[in-house]
Structure formats: structure tokens, C-alpha cells
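I opened my notebook to go through this model a piece at a time, writing down each thing I looked up and what I found there.

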Amino acid sequence: MSISFEHTLQAAGKKYTFSIGGAGCAKKITRLPRIINKDPIHIYGFGQDSIGIFKTDSQLLLSLADGHGPKEAGTIISYKIHEYMLTYIGDVQEFILEEIKKNNIESMKKIIKDMFAHVNQTILKEDEETSTFYQGGTTFTLLHKFIDKTDGSLYSLSYNVGDSPYFKISLDGELEELSEDQSCDNIEAVESYYNHCLDKGVEPSPIILGRFNYQNFFKFPWMGESTIKPYIVELFDGKYKLSPNTEIMKKVYEECPIEYKFNTFYNGGPQSIRGREANIKALEEGKYPMENFGSTINGTVQNISSFGDKKSVINNNIMCTPHISINKITEPHYDFVGSDGPIDCLTNTDIVDMFKEKPSMNMNEFTEYVTSVVDEKAIKGGFQLTQITNVPKWDDTSLWIVETKIETDAKDKAELEAKAELEAKAELEAKIIELEKQNAEMLEVAKCIQREINIVIDKLNTFV
């Protein structure tokens, strides 16, 4: 079952129409969503995954959460985060717009980050349900589109904690990943975690390769009975700097048993289909990649930033710091947001190829098509569907798809251009008046200087 909406934002002769499709599944159970209406917010649950939508006459917010940990905790935190974040971010839309127009980008980002931190404290300590959970949390990715009523400009922002990605795809097939992968497989994210701990004056927890060789879970006997640390951590000029632990990863690859070597390690890694291509390329270049192993913070969570996860906040000092992207929209395009359930099955090429097919389908048809492609790529990559109900077995899944169309009213556009021309003319005339004033002042200064020069010359002439 797919979920569909249409929404329009319109001002100053510009009209933006959004065709929206959503889908997902509760692994091994059903593709039908659990529907939760918190009017004006609508939430659709798929196991521990969930998606949310909130729309007004000036904005559109689409959110996605991928819960993890104990089933009840991960599910409740995943569903509840939409209520908090869509409400809070929606309430500050005008503030965000004004700060962008003033180019106060960093101060705006700080306010948003403070809001994420505040909501996380509510989840951890104040909410009557979520505050009782010692384990469990969620990723969160929010796509926020809003219109400037004064000139019709459309802005599109994304905010994400965790590893649920957001892609923007142009009509000619150019793909941009505008979110940040905040998993332990991303060395830059891990480095930010280490320096976050440094700023707090606490010891960061070690990152270990997957959950391999952790406590009683020694799956890599050729590596001995100690955890495998994929990063070298050093301090330079008062900051942590991380680099790949090539020596230890070389041993992981070269000394592994033959049954692992070509099925897993030299086949791109065990975590996702998506990550295999880059790892295989790195191996061909003589490298020993540590990505795509599902590395963890000391055998616990896989992300350095999330909502909830009280145990990891207490024991490992994980963060809830969003990555923020800001774009002014001038061209029609597609947006694609997904949890790791579906996205782990797709390469960038797969995503671009899918969206090439969109013009021949309406949004309902295309959402179903995307779901079928995910299934096809998953099976090809070694994942499985249930035999009877044909539902993904590997993970809960969730996704949003958005098509943005842009129209401009010719009359309103002409009036807007005429107004802009008048404003530009008035600005130039004001500039001329200011320059003429400055010129008159300079001429007066020049006269004063000339008088002083004449006085000095007269005094000199007395000595002749």
C-alpha cells in the first residue's frame, strides 16, 4: 500500500506543486501502515520505522524515523519524534526564513541544533513514556519546504540525525546526497563524536568493527580475542584526528578463512548492498576499507547521533546533533528520503535509473515501482522476502518520494518584475543622492584644505 498527498505553495506569481508518495513495511509482517492521526500531523508506522507529514499554506514538512533497540522502546520513540519535531520546526518557519534572508546561517543552525537537543532531553527525561526506556532510540530525517510570501522564493531544508539519507535528483538525472551519514562507518562522523567528547571533557568510547570480537561474540578468531579497532586516533593541536587503521584491516582481509574471503570481505562487506561497490573499488586500488561493516560504539549503537538511546548517552556520550542543508529551489526536481532498510539495497545508479522512469507514471504507480525495485535489488544482493506474504525479512522499511513542479503566472511575474525594477531604480537613485552628498562634503573639505594651504603659503612669503 502506498500513501499519497498533493500540496501547493503559492505566492507572488509562483506556484509550487508537490506530488508526494510514501511506503514501507514492518519486516516479516506487512506492508500496510499503522496510521496515527495527531491532527494536523499524520504519522504512518511500519514496525519501528515511521514517516510523518505536516502541511500548511506556507510550508511542507516530511519526516522519517528509523527506530532501533528493544521493540517497544524503538517503536514508541520513532513514532513520537514526529509529534515533537514537526510541531517545533513548523512553529519557527518564519524565523528560519528571516535568518536565511539576513544571511545569519550559523546562528540559525545553532538555534535548530539547540531545538534538537531540547527535544532529545524531553525524550530522555520528561516524556511520560519515552523517559522510562533505558535502551532504544531512533534516527530522524526531516525535509522542510517553505515559501517566502514576499517574492515567491521556495526554500528546501533538510535536518538529520543518524543514517537515514536524503537525496535530491534533478530531472536530468543529477543526484545529490544532502544528508550526512552519522554512522560509525563514516570516519568524519566518528571524528566529530570524538571531538564532541573532548569538548565535554569526557573520554570517548572506542569504535569497533561491527560487533565482531566483542565480549563473548568472537566471530573473527584469526584476529585473536580482542576487539577490532578500524581507526587510529591521535591528538593534533588540541583536536582529535582519525585515520584508517590500515594495518589491522589488512590482517582482517588477508588472514580471513576462505569461506569468508570471497562471500563477504572481498565482495564489498557485510552491512549493505549499497556499500559494496565502493569497497570493491577500494580493494582493487590496494586499500583495505573499513566501511560497510556496521561498526559500533564499543559494541552498542551504530550511530554517533540519535534521539533517545539513554544507555548510550550515559555510557558513551553519544550526540543528538543534526546535519543541516539549505537550498533555494529554482528548478523542478525529485526528493527521496529513506531508512536504511530500502536504501541499503540501492546504489546511486539504481536511484537515478528509478527516477528516469517517473515521467511515465503517476505518484502512486511510481511509489509501487520503487518498492518493487527495492525488493528486486535486495533479492539479487542476497536479502530475502517472506515466502507467503512477500514482505522484506531483513529490516523494517520506510520512504518518502516528492516531485516538485514549478509554475509562474505571466501577469503576476510581469508585475513582480516591474516592482523589482522600480525598487532597483529607487535604490540607484538613493545611491546617487548619497554619492552627491558625499561629493559635496568632499568639495567643502577640499576648500578648507585649500584655505589652509593658502595660509601656509602666505606665511612662507613673509620669510622671502
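**Entry 1: S398.** I began with S398 and found its place in strand β19, which covers residues 397–408; I keep in mind throughout that this is a predicted model. Is S398 buried or exposed? I looked up its relative accessible area, which is 0%, and because buried means under 20%, S398 counts as buried. I then asked which side chain joins that of S398 in a polar contact, and I noted that of D49, at 2.9 Å. Leaving aside residues up to four places away in sequence, I listed what S398 touches, including A23, G24, F46, S50, L64, V337 and P342, and D49 is on this list as well.

**Entry 2: the sheet around β19.** Next I looked up the sheet, which is open and has six strands in the order β1-β2-β19-β18-β10-β11, with antiparallel pairing. Which strands stand at its edges? I wrote down β1 (3–11) and β11 (175–177), each of which has a single partner strand, so one side of each is left without a neighbour in the sheet. Ignoring direction, I noted that neighbouring strands of this sheet are turned against each other by 20° on average.

I then followed the pairing of β19 with strand β2, residues 14–25, which runs in the antiparallel sense over 12 bridges.

**Entry 3: a hairpin.** I turned to strand β13 (residues 231–236) and strand β14 (residues 239–244), which pair in the antiparallel sense over six bridges, with Y231 standing opposite P244 in β14. The two strands form a hairpin with two residues between them, and in the turn I noted D237, which has a positive phi of about 50°.

**Entry 4: two helices.** Last, I looked up how helix α2 (residues 93–101) lies against helix α3 (residues 105–126), and I found that their axes come within 8 Å and cross at roughly 155°. Since angles over 145 degrees count as roughly antiparallel, α2 and α3 are therefore roughly antiparallel to each other. I wrote down the residues that make the contact: F95, I96, E99 and I100 belong to α2, while I105, S107, M108, I111 and I112 belong to α3. I sorted these residues by kind and noted seven nonpolar, one polar and one charged.

Technical notes. Residues numbered from 1 in each chain as written. Predicted model: local features only at pLDDT ≥ 70, side-chain atom pairs only at ≥ 80, totals over all residues. Heavy atoms only, no water. Axes fitted to C-alpha atoms, helices over the stretch in contact; angles between N-to-C directions. Helix = DSSP H or I, 4+ residues; strand = E, 2+ residues; numbered from the N terminus. Parallel < 35°, antiparallel > 145°, perpendicular 65-115°, else oblique. Contact = heavy atoms within 4.5 Å. Nonpolar A, V, L, I, M, F, W, Y, C, P; charged D, E, K, R; others polar. Buried < 20%, exposed > 50% of the residue type's maximum accessible area, 1.4 Å probe, protein only. Polar contact = N/O pair within 3.5 Å; in protein donor to acceptor, adjacent residues only side chain to side chain. Pairing = 2+ DSSP bridges.
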